[in-house]
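Student: Could you take me through this structure feature by feature, with the general idea first and the particular case after it?

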Amino acid sequence: MTLVGASAQLRMNVLGGFSLHVADRTVHLPRTAQRLLAFVALQRRPVPRDHLAFALWPDGTETHAHGSLRTALFELRRPGHDLLRVTGGNAHLAPGLVVDLEEMLRLVDLIRADGDHGGLAAVERDLLEADLLPGWYDDWVIGHQERHRELRIQTLERLCLAHLAAGRYADAVSTGSAALGADPTRDSSARLIIAAHVATGNDAQAIVLYRRFEDRLRELGLAPSARTTALITSIAGTLTLA
């Protein structure tokens, strides 16, 4: 699978943390400018200037919100690169700015359409395993983070299934582990990685993983699903689930 745009001249990352790069050089921006760029990137469409001001600075007056937006726009111009354009009252990312989130979404579309094409490159796996803007707790970003995590877990599970079907069991273990790592209480991910261990003939590791998963859920007053328990029981014989 080929990742388009990986060597872009002007690149913004929002997966795994915010960063901006021009060729091989990292460009440092004030937090206000980072928030402005990230907000527009997450909308994935032109954003009215008024909406930007009120969404990013909701606690002040209208005058304060628009003043803060003007300051952030000025800060974006200081590095001397075309990052954000405001035309007709709408803000949008400059056409030459590549965003890793867009690459991740294209990758998801490819996987949905055609499976994994024999495996992922390291850079593609990084895209699927990274959280969206970790450590950012603004109200406007939280919903995006939750939806992004669900999308990437679903995609990792789809890949794990594809690996299992193709007999690439080591890849299935790795991908299933990434899915469960994103949500350690997710039953479907646990079941997939258990199945992957079983496929490799490593029943003992499958049982260890189940035990850990069971303990994790018990702390929350929950239990593994009947399907996951049945899978373990089928390979462990008389397995005590207490």
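Student: Is Arg227 exposed or buried?

Tutor: The general idea is relative accessible area, where buried means under 20%, exposed over 50%, and partly exposed in between, with a 1.4 Å probe and protein chains only. In this predicted model, Arg227 counts as exposed because its relative accessibility is 61%. Arg227 is found in helix H10, residues 226-236, where helices (H or I, at least four residues) and strands (E, at least two) are DSSP runs numbered from the N terminus. Between the C-alpha atoms of Arg227 and Leu73, which are 154 residues apart in sequence, the distance in space is 53 Å.

Student: What should I keep in mind about the numbering and the model?

Tutor: Residues are numbered from 1 along each chain as its sequence is written, and side-chain values use heavy atoms, with hydrogens and water left out. Since the model is predicted, local features need pLDDT of at least 70 and side-chain atom pairs count only at pLDDT 80 or more, while totals for chains, interfaces and linings use all residues.

Student: Which residues does Arg216 touch, not counting those up to four places away in sequence?

Tutor: Contact means heavy atoms within 4.5 Å, and on that reading Arg216, with residues up to four places away in sequence not counted, touches Pro184 and Thr185. A polar atom of the Arg216 side chain lies 2.8 Å from the backbone oxygen of Pro184. Arg216 lies in helix H9, residues 203-218, and is partly exposed because its relative accessible area is 29%. The C-alpha atoms of Arg216 and Leu42 are separated by 33 Å, the two residues being 174 apart along the chain.

Student: Why does Ser19 count as buried?

Tutor: Ser19 counts as buried because its relative accessibility is 19%. This residue lies in strand S2, residues 19-22, and, neighbours within four places in sequence left aside, Ser19 is in contact with Arg11, Met12 and Asn13. A polar contact is a pair of N or O atoms within 3.5 Å; within protein, one must be able to donate a hydrogen and the other to accept it, and residues adjacent in sequence count only if both atoms are side-chain atoms. The side chains of Ser19 and His21 make such a polar contact, at 2.9 Å.

Student: Which residues touch the most other members of the largest nonpolar core?

Tutor: A nonpolar core is a set of buried Ala, Val, Leu, Ile, Met, Phe, Trp, Tyr and Cys residues joined through side-chain atoms within 4.5 Å. The largest one here has 56 residues, of which Met12, Val14, Phe18, Leu36 and Leu37 touch the most other members. Helix H1, residues 31-43, gives the most to this core, with eight residues. Apart from it lies another core, of ten residues, including Leu180, Ala190, Ala206 and Phe213. Beyond its neighbours within four places in sequence, Met12 has contacts that include Phe18, Leu37, Ala41 and Leu93.

Student: Which residues of helix H2 are buried, and what covers them?

Tutor: In helix H2, residues 49-56, the buried residues are Leu52, Ala53, Ala55 and Leu56. Their cover includes H1, strand S4 (47-48), helix H3 (62-77), strand S6 (90-93) and helix H6 (139-166).

Student: How many helices and strands does the protein chain have?

Tutor: The protein chain has ten helices and seven strands, and of its 242 residues 46% count as buried. Its C-alpha atoms fill a box of roughly 70 × 40 × 30 Å, taken along the principal axes.
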